Amino acid sequence: MVKLIVPRVRCIKFTSLRYFSAKPKAVLDDTVFTSVSNNEIKYRHHPGIVTPRTPVFPQWAFKEIQSILKESQIVMKEINESTKKLIHHLNKRHPPLEQHELPAKLQKVEEHLNINKCDKKISIEDIDFRKDRKSRMILKQNVYNWQPIRFDKLTSLTYLAGRGVQNYAVLRKIFDEIKLRDKDFRPQTLFDFGSGVGTVMWAASEIWSKTLKEYFCVEVSEFMIKLSERLVKAAEPKIKEVFYRQYFPISTNRTYDIVVSAYTLFELPDMESRIDTILKLWTKTNNYLIIVEEGTNAGFKLVNEARDFVLKYANSKRRRETQFAHVFSPCPHDLKCPRFATDDTPCNLRILYHPLQFLGGRQHESELYSYVVLKKSKRPENDEQWPRIVRAVLKPSNHTICRMCTKSGELKEEIFTKYKHGKHMYRCARESEWGDRLPLHYEQQQENLKEIETVSETATENENTLNEEK
């Protein structure tokens, strides 16, 4: 018998399974990419950077403030102390409590007073807060006692010395961004609500000195108006046609190219007054409405309140007259602010300034502020809507971390590296600072997340025995 053996045969089949995820990638704006590639602009001068980094306070204002304080015979030590107290008060300030919020606050006070009392409970109606010191302290901790600031002569001088430089620096930077991005805008009239010592006028006149012809200022304090008039006479370039009023004008027919409310909303007694004022200011502007407040949580809430109201009012479908509005700055979108959706920190920006040296100031100090610039028009179709950097840029070795607010209405953290984003995108991000815009957009890409090879093996073993019959 002859036995024939056929060897084992293996059939191997490879199947590749790929899983893809659509992940947006940050890509540098084409125009900016071309400019930096051809060395037409440097990375530190890319069009998203808002300059100046540190606005220089006018020398004429510096000299005039020094003269005013000397003529008033105020000791520098006293003005320094009162300045610190005023700034502390402004930074800790909250808007007045609304009437519908008061019962809940008083209920908290009553509960706190009855924590350790098991038998007889104390009613808040029976407490004499003037005599009971402990109850008065608990009341202060839970119920904010809002009071408007009375700008008498000393307080006005204190505000001039302690806040003049900061206010000027903030307004100068906001106006500079408008001029940079809206090159065709040539304002002729300006309305300043709560004009104070006139810092809005100083900043605007330096930028649009050739076109601005009229300034209308509303300020309640007579002492503030006197200081403003004194400073305007010394201004360089010359500020002409300045009109002062202590109350909001009744006529609604007169409109202005720029309307500004800087550090004023905290002085209004309730939300109804604030909304009414914002509505009047919006009807007064032809182009821009600018709202500025301290960069605290409370200040940001007031700015965001004004922003939301104007957008809802202007874009309401129930309005008979067609009217449009969009956020020019700092937001790259008109959606709901994402800041409070993620945490309880304010959306604010930081600016460096040179304090008044004769008051013993250091070389540089920083100021936090919240603001919004609303424009009375549709958002242009060619608006880049570049993301705004809303926190300090982190620059460790070989990578840069930017926290940004994007046009989709979301907060996004992006880690830029040369390998992932390319040299030009990485360098533009590294040269940017808090408050700048990053000239980028996001592109959808397919990222290979997983690849699996499956092997199917078929083994056939043929052991055929061929028998030869004898």
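**Briefing: a helix pair and a buried aspartate**

Of the 470 residues in the protein, 44% are buried (under 20% relative accessible area with a 1.4 Å probe, protein chains only; over 50% is exposed, and partly exposed lies in between). The model is predicted, so local features need pLDDT of at least 70 and side-chain atom pairs pLDDT 80 or more, while totals for chains, interfaces and linings use all residues. Residues are numbered from 1 along each chain as its sequence is written, and side-chain values use heavy atoms, without hydrogens or water.

**Overall make-up**
- The protein has 13 helices and 13 strands (DSSP runs numbered from the N terminus: H or I of at least four residues, E of at least two).
- Among contacts (heavy atoms within 4.5 Å) between residues at least 6 apart in sequence, 78% join residues at least 24 apart.

**Helices α6 and α7**
- Helix α6 (residues 153-181) packs with helix α7 (residues 199-207) at an angle of about 35°, the axes being 8 Å apart (lines fitted to C-alpha atoms over the stretch in contact, with angles from 0 to 180 degrees between N-to-C directions).
- Residues making this contact include L160, Y168 and F175 of α6 and V200, W202 and I207 of α7.

**Residue D192**
- D192 lies in strand β2, residues 189-193.
- D192 is buried yet has no salt bridge (a side-chain nitrogen of Lys or Arg within 4 Å of a carboxyl oxygen of Asp or Glu).
- The nearest side chain of opposite charge, R163, is 13 Å away from D192 (Lys and Arg count as positive, Asp and Glu as negative; His and the chain ends are not counted).
- Leaving out residues up to four places away in sequence, D192 touches V200, F216, C217, V218 and V260.
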